[in-house]
Amino acid sequence: MIWLTWRQFRTQTLLAAALLAAAAVYLLITGTQLRHSYSADLLSCQTQSSQYTCAGLLNGLQTQYNGPLDLLELLVMATPALVGIFWGAPLIAAELERGTHYMVWNQSVTRGRWLAVKLAAIALASIVTAGVISLLMTWWASPLDTMSGNRFGTQAFNARNVVPLGYAVFAFVLGVTLGLVIRRTLPAMAATLAVFIAVQFLVTIVVRPNVMPSTTITMPINQTTMSQAARFDRSQAVTGPVTIDLPTPAGSWGLSESPALNSAGQPIPTSEVLTCWNQMISRGPLVIKGGNKPFGPLGACLAPLNLHVDVSYLPADRYWPLQWIETALYVALAALLAAFCFRRIRRSS
Amino acid sequence: MTAILEAHALGMQYGRRRALTDCTLNIPPGHVVGLVGPNGAGKSTLLKLACGLLTPTSGSITVLGETPGSGREQLARVGFLAQDAPVYPHLSVADHLRLGAHLNPRWDQGFAEQRVAQLGLDPAQKAGKLSGGQRAQLALTVAAGKRPELLLLDEPVASLDPLARREFLKHLMESVADNDTSVILSSHLISDLERVCDYLIVLVSSRVRLAGEADEVTAAHHRIVCTRREPDALPAGLHVISAEHTDRQSTFVVRSDTPLPAGDWAAEPLGMEDLVLTYMENAEASPRPVTRDAEVAR
């Protein structure tokens, strides 16, 4: 069985290995260059001891690598989908379509064992593939991740560390299952892609923010807090709410932020902040550049109103538990699908 | 010795469609069994039930005394060659033999290699590039190379030209002769099987119409021509399979389990082909499964 699995899967394995090798060469070369630029920039920061220049330099580096970063994250996120489409879906569907299951299921090997060996071997290959590409990606992007401090961003989270391994196992078994149910390769491939994307969306948007308890803090609005604000939005209508984007603690994942509230916990209308707003406007256009946050004076003006904002977030130390929980969730889904396949294949003909 | 195949009230239904109804069979060992019936009669279903690819929806079936497909041992004892002889297009001829060797405990590599050489197949050739006849021969080699006690062949010659048909059947007989392998092979044309099979099953619209040793079956059937009369007017013990009447004459095909009694008629034996065609044509007219009586009579 192992020989047959290898013989049938040989071309795909070699192709995957070649693609991985090409990706590895690219990532190792550009990753090394990125590291060089990063440490050079850090060094010049320290010697010039000017915070503004430093932030500017690092911003420049981030901007320079934004394109490749996006592309590579896309590649890492596409890898599990490709595994599901090209390794999972045809595994049984192609046999059923060509009728070769009649030959192979009538050798002296039970269908259960046939499936077990194929699932185990190719699931392992999927894990290795996703593992290698994720490892390279995590290494490649680590200077950029350190600079952005945004490890919970959708792409940053989905394309780093262990979750891609869970995605790959799930996508593979999903493909196998849909192939067994649909019995035709091309429709099974399309269905695999559609279902995989749907599950990814669902987990990323609905499950991930709710899977661990979040922390909520109340932040007063004054000069100190407002000097860190990234945005301040009044409503067009004077009765509308005021929204302020205050940063959550470093490395944490901001989940939600209330509008500006008064001491009674009620959202304040825009009319209450108009005086301070007009004061700020009269000082000329706002310039947000580098680390410069220009809302400090506005905070000082608003401080007597006794306003606050409720911010809820996941602290930075929840990153790894969240990675493992999500990986476990995908592996569990894959196990359920595999169990279904074993039941189903006994009745399949 | 245990029967090749024993079925009791075996039935298979796909949704609401009945593929096999109330099938009762007891095929003694050591036979080459021809399973004949029109397309869609349930031949493939019966063979797939026999190798364990399908599980019956009613009744029971045992093959060589065991439940079909019940484990490695049973799988090793039964070989199956599906319709259109599927092979792996990207694997070479030699790879197919290696597949057989890796997946079967009793694989006979010497036999398989010798057959491939006899057939003039290039071991390095991809199976996808073989002709229909060569593909069927390769699939037969894989099925026979595992040295099964029973070989099930589903329409093995349907897609072959007449020459390839003859070649295939010749090789089949050579392959099974040395090993006392029993064979069940299906076809919608009796002429394909006439020369090779010594046991006959006729399956029409999901029911078994006739089952028995080929010579017994042919001996039991006659065409009688007599003056015009109703079937009821024939002596008891003659089962009328078909009746045709002209103004003055009646022609009956009858089965009698005892020697045909003498009467005021002209009787002639039927060839296997005529016999099978008669059963196929008159399937709707005689819903009574003939095997039932045959079982009792035996």
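Asp22(B) is placed in strand E2 (residues 17-27) of chain B. Helices (H or I, at least four residues) and strands (E, at least two) are DSSP runs, numbered from the N terminus. The model is predicted: local features need pLDDT of at least 70, side-chain atom pairs count only at pLDDT 80 or more, and totals for chains, interfaces and linings use all residues. Residues are numbered from 1 along each chain as its sequence is written, while chains are lettered from A and ligands numbered from 1 in the order in which they are written.

Most residues other than glycine have a negative phi. Asp22(B) has a positive phi, near 50 degrees, and is not a glycine. This residue is partly exposed, with 18 other C-beta atoms within 10 Å. By the cut-offs, a residue is buried if 20 or more other C-beta atoms lie within 10 Å of its own, exposed if 12 or fewer, and partly exposed in between, with C-beta atoms placed from the backbone. Arg183(A) also has a positive phi, of about 70 degrees, without being a glycine. Arg183(A) sits in the loop between H6 and helix H7 (185-207) of chain A. Arg183(A) is partly exposed, with 15 other C-beta atoms within 10 Å.

Chain B is divided into domain 1 (5-205) and domain 2 (219-297). These bounds come from an automatic or database domain assignment. The C-alpha centres of the two domains of chain B are 33 Å apart.

The two chains touch. In total, 17 residues of chain A are in contact with 28 residues of chain B. Contact requires that the C-beta atoms of two residues, placed from the backbone, lie within 7 Å. On the chain A side, helix H1 (2-48) and helix H3 (100-104) are the elements that give two or more residues. By class, that side has 7 nonpolar, 7 polar and 3 charged residues. Here Ala, Val, Leu, Ile, Met, Phe, Trp, Tyr, Cys and Pro count as nonpolar, Asp, Glu, Lys and Arg as charged, and the others, Gly among them, as polar.

The largest nonpolar core holds 136 residues. Such a core is a set of buried Ala, Val, Leu, Ile, Met, Phe, Trp, Tyr and Cys residues joined through C-beta atoms within 7 Å. Phe172(A), Val173(A), Ala139(B), Leu152(B) and Ile201(B) touch the most other members. Helix H6 (residues 163-182) of chain A gives the most to this core, with 13 residues. Beyond its neighbours within four places in sequence, Val173(A) is in contact with Gly88(A), Ala123(A), Ala334(A), Leu337(A) and Ala338(A). Another core, of 21 residues, lies apart from the largest one and includes Val273(A), Leu298(A), Leu307(A) and Val309(A).

Chain A also has an open sheet of 3 strands, in the order E1-E5-E4, with antiparallel pairing. Two strands pair if DSSP finds at least two bridges between them. Strand E1 (residues 215-220) and E5(A) are joined by 6 bridges. Across this pair, Thr218(A) stands opposite Asp310(A), and Thr215(A) has Tyr313(A) as its bridge partner. Strand E4 (residues 253-257) is joined to E5(A) by 4 bridges. There, Trp253(A) is partnered with Leu314(A). E1 and E4 of chain A stand at the edges, each with a single partner strand, so one side of each is left without a neighbour in the sheet. Strand E5 (residues 308-314) of chain A is mostly covered, with 5 of its 7 residues buried.
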